[in-house]
Amino acid sequence: MIRRLGVIGGGAWGTALAQVAAGGGEETLLWAREPEVVGSINEAHENAAFLAGYPLNPAIRATGDLADLGACDALLVVTPAQHMRAVLGGLDGWARPLILCAKGMEEASMKLMHDVAHEAQPNAAIAVLSGPTFAHEVAIGKPAAVTLAVEDRALGEALSARLARPNFRPYLSDDVVGAEIGGAVKNVLAIACGVVEGRRLGQNARAALISRGFAEMTRFGLARGARAETLAGLSGLGDLVLTCSSESSRNFSLGKGLGEGRAAAELLADRRTVAEGAHTAPVLKRAAEAMGVDMPIVAAVCALLRSEASVDEVVEALLSRPLRAEGF
Ligand SMILES: NC(=O)C1=CN([C@@H]2O[C@H](COP(=O)(O)OP(=O)(O)OC[C@H]3O[C@@H](n4cnc5c(N)ncnc54)[C@H](O)[C@@H]3O)[C@@H](O)[C@H]2O)C=CC1
Ligand SMILES: O=C(CO)COP(=O)(O)O
């Protein structure tokens, strides 16, 4: 029975998921790295640093000590992808479920988050929660649906029953790899769509980029063993459409800045919030090349992030590729 949920990570998404977990009045413990986030949640029932202006359920309590999570039945793990290994390593021999909510690939190892979590905590059962979910909307109870991927069906049903709220619907899957690849790849494609917006290339170009980006996501996903239906579902196409269409997306906004001619280094300097696509793009490009998977849009985003080419040069390169048949 999964009753008591804990959350690792006090950014916008960890906070919104704590709000979901506490939605029925269940006490929910959230670990945050920043003492000011712990103070703000416990004293003002708000996360002023990462989700300002959204009142939180008083059943959410914050802590700065990972050991306090020891009484939880399962943990939602909501750190940025590059920090997940280190933070999970701080748990003392965890043997209960971990629900991974970060969207990315580890730069150093080229691994997906479930592999990283398994290496950090080999006795934990792993689930992945991913889908089209801006934190600020979930935090105030606007309707949302996610993919909840876990190999063990009984565990999936228990986690789904615990997480489901009237306005928050998990859809079960056993395709952990597919759910993770959709979330990781869409962040890179959202940067590309932001570039289209910033450079004012038009709505047609954006729709073409979403479609051809989805073809790249599908080619890469199938090569890594994902199922096509997962990539076309909430955690893949659903999230791709959301983040490629809104300045609420940090990745889209980063791309918009690039499209307006600003340098990546300037856009990424001093930011406190995470744009995962900037970290995922280079490792995704390397992983795709290693498998012989063609991902020209991902390569174009990498070139822009490294300031190796101008926006006009990468657009010209994409438009002058040989004509080919549609499909994956
Ligand atoms: N914000 C959103 O709407 C959604 C975010 N996600 C994913 O959730 C994950 C977390 O993102 P957010 O909660 O939005 O973060 P955020 O951008 O709101 O906050 C940054 C987070 O990074 C953490 N951090 C910074 N340096 C760190 C370090 N050295 N070690 C550990 N943690 C560190 C901060 O403590 C903070 O929790 C990301 O993978 C993101 O893609 C997924 C769905 C929705
Ligand atoms: O993953 C998200 C929505 O599903 C949030 O997107 P950004 O990280 O681009 O803001």
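Modeller: Before we look at any helices, one term needs settling: a crossing is called right-handed if the near helix is turned clockwise from the far one by less than a right angle, and left-handed if it is turned anticlockwise. Please also keep in mind that this is a predicted model.

Colleague: Let me move along a bit: where do the axes of helix 7 and helix 14 come, and at roughly what angle do they cross?

Modeller: Helix 7, which covers residues 176–198, and helix 14, which covers residues 296–305, have axes that come within 9 Å and cross at roughly 70°. Angles of 65 to 115 degrees count as roughly perpendicular, and helix 7 and helix 14 are therefore roughly perpendicular to each other. Their crossing is left-handed.

Colleague: Which residues in helix 7 and helix 14 meet?

Modeller: From helix 7 come V188, L189, I191, A192 and V195, and they meet I297, V298, A300, V301 and L304 of helix 14. By class, this contact of helix 7 with helix 14 has 10 nonpolar residues, with no polar and no charged ones.

Colleague: How do helix 13 and helix 14 pack?

Modeller: Helix 13, residues 276–291, packs with helix 14 at an angle of about 130°, and the axes of the two are 9 Å apart. Helix 13 and helix 14 are therefore oblique to each other, and the crossing between them is left-handed. In helix 13 the residues in contact are A278, A281, P282, L284, K285 and A288, which meet V298, A299, V301, C302 and L305 in helix 14. That contact of helix 13 with helix 14 counts 10 nonpolar, no polar and 1 charged residues.

Colleague: Stepping back, what is the protein chain divided into?

Modeller: The chain is divided into domain 1, spanning 5–174, and domain 2, spanning 177–319, and the C-alpha centres of domain 1 and domain 2 lie 24 Å apart. Their contact takes 23 residues from domain 1 and 24 residues from domain 2.

Colleague: Which elements give two or more residues to the side of domain 1 that touches domain 2?

Modeller: Those elements are helix 4 (113–120), strand 6 (126–130), strand 7 (144–150) and strand 8 (168–173). Strand 7 gives the most to that side of domain 1, with 4 residues. By class, the side of domain 1 that touches domain 2 divides into 14 nonpolar, 7 polar and 2 charged residues.

Colleague: Now the ligands: how many residues surround ligand 1, and which are closest?

Modeller: There are 25 residues around ligand 1, of which G11, W13, H83, A102 and T273 are closest. Helix 1, residues 12–21, supplies the largest share of that shell, with 3 residues, and the shell around ligand 1 divides into 12 nonpolar, 9 polar and 4 charged residues. Domain 1 and domain 2 both give residues to the shell around ligand 1, so ligand 1 lies between them.

Colleague: And which residues come nearest to ligand 2?

Modeller: Ligand 2 has 13 residues around it, and T133, T243, S249, R250 and N251 come nearest. Helix 7, helix 10 (234–243) and helix 11 (250–259) each supply at least two residues of the shell around ligand 2, and helix 10 gives the largest share, 3 residues.

Colleague: Why does ligand 2 lie where it does in relation to domain 1 and domain 2?

Modeller: Domain 1 and domain 2 both give residues to the shell around ligand 2, so ligand 2 lies between them. By class, that shell around ligand 2 has 4 nonpolar, 5 polar and 4 charged residues.

Note on methods. Residues are numbered from 1 along each chain as its sequence is written. Chains are lettered from A and ligands numbered from 1 in the order in which they are written. This is a predicted model: local features need pLDDT of at least 70, side-chain atom pairs count only at pLDDT 80 or more; totals for chains, interfaces and linings use all residues. Axes are lines fitted to C-alpha atoms, for helices over the stretch in contact, and angles run from 0 to 180 degrees between N-to-C directions. Angles under 35 degrees count as roughly parallel, over 145 as roughly antiparallel, 65 to 115 as roughly perpendicular and the rest as oblique. Two residues are in contact if their C-beta atoms, placed from the backbone, lie within 7 Å. Ala, Val, Leu, Ile, Met, Phe, Trp, Tyr, Cys and Pro count as nonpolar, Asp, Glu, Lys and Arg as charged, and the others, Gly among them, as polar. A residue is near a molecule or strand if its C-beta atom, placed from the backbone, lies within 6 Å of it. Domain bounds come from an automatic or database domain assignment.
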